[in-house]
Each structure stands twice: as structure tokens, then as C-alpha cells.
Amino acid sequence: MGLFREAGKKFEETKRSFTGGDGDEYVCRACEKRLTERYEHCPHCGEAAVEPAA
Ligand SMILES: [Zn+2]
């Protein structure tokens with residue numbers, strides 16, 4: 001049973017490295033929420049104000 005969990009954990013780590021570390025790569029200028037993807041419109045406030053965090 002432990003094997004399954006290890007595989008899942010590894011997958012999560014791989015996924016994280018693909019999205020770049022902690023995953024907070026974008027930020028909405030309107031509501032200042034951090035986002036993991038570059039949305040066309042912010043999923044929180046709906047403004048088209050999403051920009052790269054760095
Ligand atoms: Zn927003």
C-alpha cells in the first residue's frame with residue numbers, strides 16, 4: 001500500500017517542478033490574489049489583470 005502513496009507523492013513533486021516551485025507564478029493586480037496559471041481573467045475577481053508574479 002505504501003508503494004502507491006510513494007508514487008502519488010512523486011507525481012505531485014514532478015507536477016510542482018513543472019509549474020515552477022511553489023506554484024505562485026502569477027498575481028492579479030486587481031485583487032492581489034496569487035495564481036498558479038496565467039488566466040485571461042482572474043478567477044477571484046474577474047478582472048483581466050493577471051500578470052507574472054516575478
Ligand atoms: Zn483578481
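From the N terminus on, the elements of the protein chain run α-β-β-β. The structure is a predicted model, and its protein chain holds one helix and three strands. Of the 54 residues of the chain, 13% count as buried.

## Exercise 1. The zinc site

Identify the protein donors of the zinc ion, and determine which arrangement they form.

Solution. 

Step 1. The donors from the protein are the SG atoms of Cys-28, Cys-31, Cys-42 and Cys-45, and they lie 2.2 to 2.3 Å from the zinc ion.

Step 2. Along the chain, these donors follow the spacing C-x2-C-x10-C-x2-C.

Step 3. Four donors count as tetrahedral if all angles lie between 85 and 135 degrees. The angles subtended by the four donor atoms around the zinc ion are 104 to 117°, so the arrangement is tetrahedral. For reference, the ideal angle for four tetrahedral donors is 109.5 degrees.

Step 4. As for disulfides, the structure holds zero of them.

## Exercise 2. Accessibility of the zinc donors

Classify Cys-28, Cys-31, Cys-42 and Cys-45 as buried, partly exposed or exposed.

Solution. 

Step 1. The cut-offs are under 20% relative accessible area for buried and over 50% for exposed, with partly exposed in between.

Step 2. Cys-28 has a relative accessible area of 1% and is therefore buried. Cys-42, with 4%, is buried as well.

Step 3. Cys-31 has a relative accessible area of 29%, so this residue is partly exposed. Cys-45 also counts as partly exposed, because its relative accessibility is 34%.

## Exercise 3. The salt bridge

Find which side chains meet in a salt bridge, and locate both residues in the chain.

Solution. 

Step 1. A search of the whole structure gives one salt bridge. Its side chains belong to Arg-29 and Glu-51, with an N to O distance of 3.0 Å.

Step 2. Arg-29 lies in the loop between strand 1 and strand 2, whereas Glu-51 is in strand 3; the two are 22 residues apart, and the pair links distant parts of the chain.

Step 3. Arg-29 is exposed, because its relative accessible area is 53%. Glu-51, at 33% relative accessibility, counts as partly exposed.

Step 4. For the chain overall, 21% of the contacts between residues at least 6 apart in sequence join residues at least 24 apart.

## Exercise 4. Two loop glutamates

Locate Glu-25 and Glu-32, and describe the exposure of Glu-25 and of Glu-32.

Solution. 

Step 1. Glu-25 has its place in the loop between helix 1 (2-19) and strand 1. With a relative accessible area of 33%, this residue is partly exposed.

Step 2. Glu-25 and Arg-38 are separated by 13 residues in sequence and by 8.1 Å in space, C-alpha to C-alpha.

Step 3. Glu-32 is found in the loop between strand 1 and strand 2. Its relative accessible area is 65%, so Glu-32 is exposed.

Step 4. Most residues other than glycine have a negative phi. Glu-32, although not a glycine, has a positive phi of about 65°.

Terms used:
Residues numbered from 1 in each chain as written. Predicted model: local features only at pLDDT ≥ 70, side-chain atom pairs only at ≥ 80, totals over all residues. Heavy atoms only, no water. Donors = N, O, S within 2.8 Å, 3.2 Å for Na, K, Ca; no water. Tetrahedral: all angles 85-135°; square planar, octahedral: opposite > 155°, others 65-115°. Buried < 20%, exposed > 50% of the residue type's maximum accessible area, 1.4 Å probe, protein only. Helix = DSSP H or I, 4+ residues; strand = E, 2+ residues; numbered from the N terminus. Salt bridge = Lys/Arg side-chain N within 4 Å of Asp/Glu carboxyl O. Disulfide = S-S within 2.5 Å. Contact = heavy atoms within 4.5 Å.
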